[in-house]
Amino acid sequence: MGKGAVFLDRDDTLIENVPYLGDPSLVKLMPGAMEAIKALRLSGFPLVIVSNQSGVGRGLITKEQVRSVDARMEELLGGRGIFTTYKHCYAAPGDPYDEHRKPSPLMLQEAAETHGFDLLQSYMVGNRLSDIQAGDRAGCKTILLHLRVPPDEEQESIRLASFTAKDWPSACDWLLQSKRADQ
Ligand SMILES: [Mg+2]
């Protein structure tokens, strides 16, 4: 059986959301994200970005711009190669391949198949209901990072999430305790 991974939403989870961001100079980390990523890596979790980037499908930004933003985020979070892989869904709703968009669990399931992750021992962390639904449908434990949750999604997201964290330190503490309890 494979090991658990931590799947991470990008925008408003690791970096501040700027709609259809294509300029790496505008990348700003969310509070506590750097320390959290460090702690999760130290505990041995593979880390995977799972992100809807429909700005590409809508023709507003290019895949290269998304990659340049990812590269800047990686640099700010601790250096190259900290993520095992990136799963982006570039499709806008209604496009071909839009079935990969969160709340679909497909991006998580495909990463698990490629890298041999055990989804039942994995976690999904995000700020939107669609993150929590994607993680839940994949069989992961889910953490709602309650820093930037859209008000109309708040109630349902809190109800569905395994844990609602007020900030990154509490998300990290809960995740690492939950991992220990499973062993
Ligand atoms: Mg987000």
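A residue counts as buried if 20 or more other C-beta atoms lie within 10 Å of its own, as exposed if 12 or fewer do, and as partly exposed in between. The exercises below apply this definition and others to a predicted model.

**Exercise 1. Overall architecture**

Determine how many helices and strands the chain has, and in what order they run.

Solution. Step 1: the chain has 7 helices and 6 strands. Step 2: read from the N terminus, these elements follow the order β-α-β-α-α-β-α-β-α-β-α-β-α. Step 3: the radius of gyration is 15 Å, close to the 16 Å that the globule rule gives for 183 residues, so the chain is as compact as a globular protein of that length. Step 4: along the principal axes, the C-alpha atoms fill a box of roughly 45 × 35 × 30 Å.

**Exercise 2. Burial and contact range**

State what percentage of the 183 residues count as buried, and what percentage of contacts between residues at least 6 apart in sequence join residues at least 24 apart.

Solution. Step 1: by the opening definition, 41% of the 183 residues are buried. Step 2: of the contacts in the chain between residues at least 6 apart in sequence, 64% join residues at least 24 apart.

**Exercise 3. Helix α5 in its surroundings**

Explain why α5 is described as largely enclosed by the rest of the structure, and identify the elements against which its buried residues pack.

Solution. Step 1: α5 is largely enclosed because 7 of its 10 residues are buried. Step 2: these residues are L129, D131, I132, Q133, A134, G135 and A138. Step 3: the buried residues of α5 pack against β1 (6-8), α4 (106-115), β4 (123-126), β5 (141-145) and α6. Step 4: just after α5, G139 adopts a positive phi of about 90°.

**Exercise 4. Two helix pairs**

Characterise the packing of α5 with α6 and of α1 with α7 by axis separation, angle, handedness and residue class.

Solution. Step 1: helix α5 (residues 129-138) packs on helix α6 (residues 151-160) at an angle of about 25°, the axes being 9 Å apart. Angles under 35 degrees count as roughly parallel, and α5 is therefore roughly parallel to α6. The crossing of this pair is left-handed. The contact is formed by L129, I132, Q133 and D136 of α5 with E153, E156, S157 and L160 of α6. By class, this contact comprises 3 nonpolar, 2 polar and 3 charged residues.

Step 1: the axes of helix α1 (residues 33-42) and helix α7 (residues 168-182) come within 9 Å and cross at roughly 15°. This angle makes α1 roughly parallel to α7. The α1 and α7 crossing is right-handed. Here A33, E35, A36, A39 and L40 of α1 meet W168, A171 and C172 of α7. The residues of this contact divide into 7 nonpolar, no polar and 1 charged.

**Exercise 5. Backbone exceptions**

Locate the cis peptide bond between K102 and P103 and the positive phi angles of Y20 and Y97.

Solution. Step 1: most residues other than glycine have a negative phi, and most peptide bonds are trans. Step 2: the bond from K102 to P103 is cis, with omega near 20°, and P103 lies in the loop between β3 (85-89) and α4. Step 3: Y20 has a positive phi of about 55° and lies in the loop between β1 and α1. Step 4: Y97 has a positive phi of about 70° and is found in the loop between β3 and α4.

Methods. Residues numbered from 1 in each chain as written. Predicted model: local features only at pLDDT ≥ 70, side-chain atom pairs only at ≥ 80, totals over all residues. Axes fitted to C-alpha atoms, helices over the stretch in contact; angles between N-to-C directions. Helix = DSSP H or I, 4+ residues; strand = E, 2+ residues; numbered from the N terminus. Parallel < 35°, antiparallel > 145°, perpendicular 65-115°, else oblique. Left-handed = near helix turned anticlockwise from the far one by under 90°. Contact = placed C-beta atoms within 7 Å. Nonpolar A, V, L, I, M, F, W, Y, C, P; charged D, E, K, R; others polar. Rg over C-alpha atoms; globule rule 2.2 N^0.38 Å.
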